[in-house]
Amino acid sequence: MNCELLATCSALGYLEGDTYHKEIDCLESVKDLIRYLRHEDDTRDVRQQLGAGQIVQNDLLPIIIQHGQDKALFDACIRLMVNLTQPAMLCFGKVPDDPVFRHHFLQVTSHLQAYKEAFASERVFGILSETLYTFLQLDWEQRQEEDNLLIERILLLVRNVLHVPADPSEEKKVDDDASVHDRLLWAIHMSGFDDLVKFLASAQSEQQWSMHVLEIISLMFRDQTPEALVSAGHARSVEEKLRDSQELEALRQREQAAKRSRTLQRGTRHSRFGGSYVVQGLKSIGDRDVIYHRNLHNFKNYSHDTGKEVRRVPKRNRQAKECKDKRRSALNVRLFLREFCVDFLENCYNHLMYLVKESLIREQTQQHDETYYLWALSFFMAFNRGNGFRADLVSETMSIRAFHFIERNITNYYEMMLTDRKEATSWSRRMHLALKAYQELLLTVNEMDRSQDESIRQSSNVIKSNIFYLMEYREIFLTLLRKFDETKQPHSYLKDLVESTHLFLRMLERFCKGRRNLMVQRKRVKRKKSHAEKNQSPPETSPEALEETWKIVEEELRATGFQLSESLTEGIVPFDATSETPLEEQRTEAMVRVQDALLTRLGPEALGLLRAAREVWPEGDVFGSADVEPEEELELLKQILHANLPRSSPPEPMVEDDDDGAELEEEELESVQVSETEFNFLDFVKRFASPNIVRPYLLLLKSYSKNTPHTNHCITRMLHRLAVDLKMDALLYQLSVFNVFNKILSDPAASAYKELVTFAKYVLNRFFSLAAQNNKAYVELLFWKNVGAVREMTEGYGKEGLVSLFVLFFFSVGVCFYQCITLHLPLLLMMKSNCTFIDVLGNILKKLTAKRSRARVVDKLLSMGLVSERRELYKKRSRKAQGKSSGKGMTEEEFLAELTQGSPDDSMDRDDEEDGEDESEESEAEEDEEQEKGESQNGIRRSQGMHSTVKRRADVGTMVNALQQEGMSGPLLWLQNCLNKTANDREEDGFSQPVPLVPLTEANEDAMDNKSFQKLLRKLGMRAPANEQESFWRIPAKISVSQLRNAAAALSSREDEPEGGVEQSEPRSPTGELREEQEEEEEVVSGEQRAQALRALLLARKRKHYTTEHSGMCGNSIIVALSYQMTPVNYSFIGKG
């Protein structure tokens, strides 16, 4: 310990037996310690040294017990202990990542745990209770400011001590045994401090301590559950006995099955020969069958993965950790806490929750204090339900305001979990707390429905009507399920989410049965594009137009007699005193504003602005003299209209878009329209028919043996709604789902899961019935399916569906380079002849384990004779899309025959993840309408684009001739070479990126600064420097190879065009030129389709990743049966990789 700290601690006094003898300078020494703590470093060295010296156990606690009558010393000791017991997380800000600081963090935590054990004494809390009781007896007028501070410090001290985390490894306590926390709670109870807490929660005059009281109560019940407290002191119910017997029976059946298995593995006589066997039909690493060198009774556990090193899962992909488990406290502690809950609900709950809610709404609390409110709501309402439900005890939190408050917090926590990734775990816990509160509100409303009191049932109906009417409450569970992330949200969160969804759907279904026409609110998000006013085309400035404008302005001014209205003169301000713009520049801007008003034919506004500017800048008579006549003002306005004024921010020239022609810049406006519509429960359930929602249910189903029967029932009920009620059982035809079903069916304790067993058999029977009719059903097992894929799988494939299925299947199989070429290339080339999304060369490169350039792969394909020309391997440009195929079923032979005749519109529709489900059905319908409108306008835009291309080429030729006359032939030749080189590079590499135009000669630099040359660059589609960090013009990545070559050809002078090269050796006919332009425009139209195709391919790769992680190799009877029945289609090459 530091010598100064040691001397200060020695000056406090000494403990002799049970008596503490304080020194004369005891009070000053305590103040010195407070001062030392104020100046400690980042490692909290002073705090650690005082903890190691056990100053709290040996000095401070004996002082307040034996010398509590010394008010100044008692106050100083409480101040010091509040500082010493503050949480380690508050001292360090967070759990440190650095090992050194992590060590200091753990040291401080260990000292806090020692403090907590020292506080578990009735004498300590006895003196705290007596002091607090003395101050609470004083009226509000009699209390001093020091008294209120001491009350707050005592509450903070108790809060800090209760907050200290337990150390189970050190305590080594089991359930029903008294831990340090239990002993602390018992000391609080025996000293009567819990009664003072209830008084502070219920007294009208003590409202300022409401938040402190709620924190103390939440920490008192930290390790408890409402169910455990309700059952404390009561005999077990029949349901509990039945549940326990079922659990024991399941364990006994598993144990007997394991015992039988071990018995069968041991033969009747010992064999000294292990034996070697050839497993027919199971390929090894090569092309031969597997040789098995072990006993046959272990063969069913054989896997290719045996002996392999387990892959390390990255931290970002690991499942979220569960919070610490709850433990059962000693019986006397549970009985005391149960009585506390009963008294708190009857006398304090509604009053305290109202005060806390008001403080939260008015933001009078600290950050994250709403979590205490959420915990108290869920805990005490659950206790009220289990302990003889009384609606009046929790009436404060049973309102639509409570639903709205929790829904808003859930949304906020989810957004923060995505943005604040470093603290994603903390935000996830808060989100779980809010979800528990929302679930408890629903359970309480459901309990109110069963009440014998008619008024309570009516109140429940009112609440349900509001919940089901508003869209935010109706779709919250749909959104939470879709956004579930197992790396951030723990398994317990998913369990509560599934159970809450089940409860909500059951309540909604029951609510809809008694009503024929249920009207609910819907919100339509209208997206409309309007031309921005700032981007409207400027008025014409030709002499004829100016003369016509002046005539109109002059007539308007003469008609008004040069008189202006008061509203117009008061609203005109030509000068901004707060602006940093100099006065001279503001005067010029005022002149420009006058000219703009004249150009838009607003004569009175222009005259009013002129007169206002004259008052601000009278010097020089720039805006006319003070005694100017109306005719002179008219002449001055005419001069301003015809003047060529310098503009500080000239309007940017309109750059013509090479894809769709010259268009004005548009901004997107959104408006939310609220209306009513009739609600259909079955349509609402259909929104759960999505892979994004089925996956969380499957994840929870994998732990079926650890789930409670109610959780398994909730999972089965939701899957039953999808498979039976909606007849979408094909949504569950996935290998990982069947793997879980197989585990359930082969479980020795399957009799304990009768509901799951029945449902699994139903789904499997339906699948094998479908597989007898659709021989591609086994391929579909590899992928998750949306509604469109389910319909195709059951009703028959169109051309688009078959192409999508084959592509997904081939891309999910990882093979080596030569197998990739020989197996994938023929089918890919055949599909490429009609499909716009196939990139043969790109797909081959994705399968290569070693890096190879595109050129090298093309040379290899040519040398192997697999392709005859290079252009067969490049991306096919889309032509005019044909109509969509019908949904009729097709055989594989018909599909392969039709591939060479027709082309699908979009063969990757089945892979869309249905992102539109995030919005309401109405907004989806509106988006479809906008899509149809966009498609109907494509033809008009193409025709307009053709005319604009011809016009643009003529304009470019005019500009080139003008620049050549100015002596810029060299820069034009340099620009042409840059365009040709970029086109060649993009054609060779197969991908595009922006290329800067870097002038290396003085002539080229001067040309880049020339206004006419820059206008030519804009006409060609080049991009100017976007900000101050860019210095050069750039060739955008969106310009295709053909467009670059056309632009380079347009830069040639008309005299040189016939000598340009092989492609230009003959003069082009107007028909050929128009055909080239039409092809160019069709390439532009296909850009969006290629982007959609790339997204679909990316989704296919993700599906491959998911399948390899979750499906694995399943050596069981069901999966073997699936593989044996895959005979109608020959996929024998799958195992050769």
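**Notebook: a first look around the chain**

**Entry 1: Lys776.** I began with K776, whose side chain makes a polar contact with the side chain of N775 at 3.2 Å. A polar contact here is a pair of N or O atoms within 3.5 Å; within protein, one must be able to donate a hydrogen and the other to accept it, and residues adjacent in sequence count only if both atoms are side-chain atoms. I was looking at a predicted model, where local features need pLDDT of at least 70 and side-chain atom pairs count only at pLDDT 80 or more, while totals for chains, interfaces and linings use all residues. Residues are numbered from 1 along each chain as its sequence is written, and side-chain values use heavy atoms, with hydrogens and water left out.

Is K776 buried or exposed? I found K776 to be buried, with 4% relative accessibility; buried means under 20% relative accessible area, exposed over 50%, and partly exposed in between (1.4 Å probe, protein chains only). I placed K776 in the loop between α34 (754–773) and α35 (777–780).

**Entry 2: the whole chain.** I then stepped back and noted 48 helices and 8 strands. Helices (H or I, at least four residues) and strands (E, at least two) are DSSP runs, numbered from the N terminus. The chain has 1137 residues, and buried residues make up 44% of them. I read an accessible surface of about 61,700 Å², with 49% of it belonging to carbon and sulfur atoms; these areas come from the Shrake-Rupley method with a 1.4 Å probe, and for residues only the protein chains shown count as cover. I also looked at contacts (heavy atoms within 4.5 Å). Among contacts between residues at least 6 apart in sequence, 76% join residues at least 24 apart.

**Entry 3: helix α8.** I picked α8 (residues 122–137), which has 16 residues. From its first C-alpha to its last, α8 reaches 22 Å, close to the 22 Å expected at 1.5 Å a residue; the expected span is 1.5 Å times one less than the number of residues. At the N-terminal end I found S121 as a cap, with a side-chain oxygen 3.4 Å from the backbone nitrogen of R123. I listed buried residues of α8, among them V124, F125, I127, L128 and F135. What do the buried residues of α8 pack against? I found α4 (55–66), α5, α7 (99–119), α9, α11 (180–191) and α12 (193–202).

**Entry 4: salt bridges.** Side chains of opposite charge can pair when their charged atoms come close. I used the rule of a side-chain nitrogen of Lys or Arg within 4 Å of a carboxyl oxygen of Asp or Glu. How many salt bridges does this rule give? The count is 29.

I looked up K71 and D147, which form a salt bridge with their closest N and O atoms 3.2 Å apart. K71 is in helix α5 (residues 71–84) and D147 in helix α9 (residues 145–163), so the pair ties together parts 76 residues apart in sequence. K71 is partly exposed at 48% relative accessibility, whereas D147 is buried at 5%.

Next came E987 and R1045, which meet in a salt bridge at 2.5 Å, N to O. This pair links distant parts of the chain, with E987 in helix α43 (residues 969–989) and R1045 in helix α46 (residues 1041–1050), 58 residues apart. I noted E987 as partly exposed at 35%, and R1045 as partly exposed at 31%.

K283 is partly exposed at 43%, and D289 is partly exposed at 24%.

**Entry 5: two positive phi values.** Most residues other than glycine have a negative phi. I found R44 with phi near 55°, a positive value. R44 sits in the loop between α2 (26–38) and α3 (45–52), and a network of salt bridges links R44 with E40 and R47. I found E363 with a positive phi near 55° as well. E363 lies in the loop between α17 (349–361) and α18 (370–386), and E363 is exposed at 69%.

**Entry 6: a nonpolar patch.** Which residues make the nonpolar surface patch of about 290 Å²? I found V998, L1000 and F1032. Patches are made of residues with over 30% relative accessible area and no salt bridge; like charges are joined within 9 Å, and nonpolar side chains (Val, Leu, Ile, Met, Phe, Trp, Tyr) within 5 Å. F1032 is partly exposed at 34%, and I placed F1032 in the loop between α45 (1011–1020) and β8 (1033–1035).
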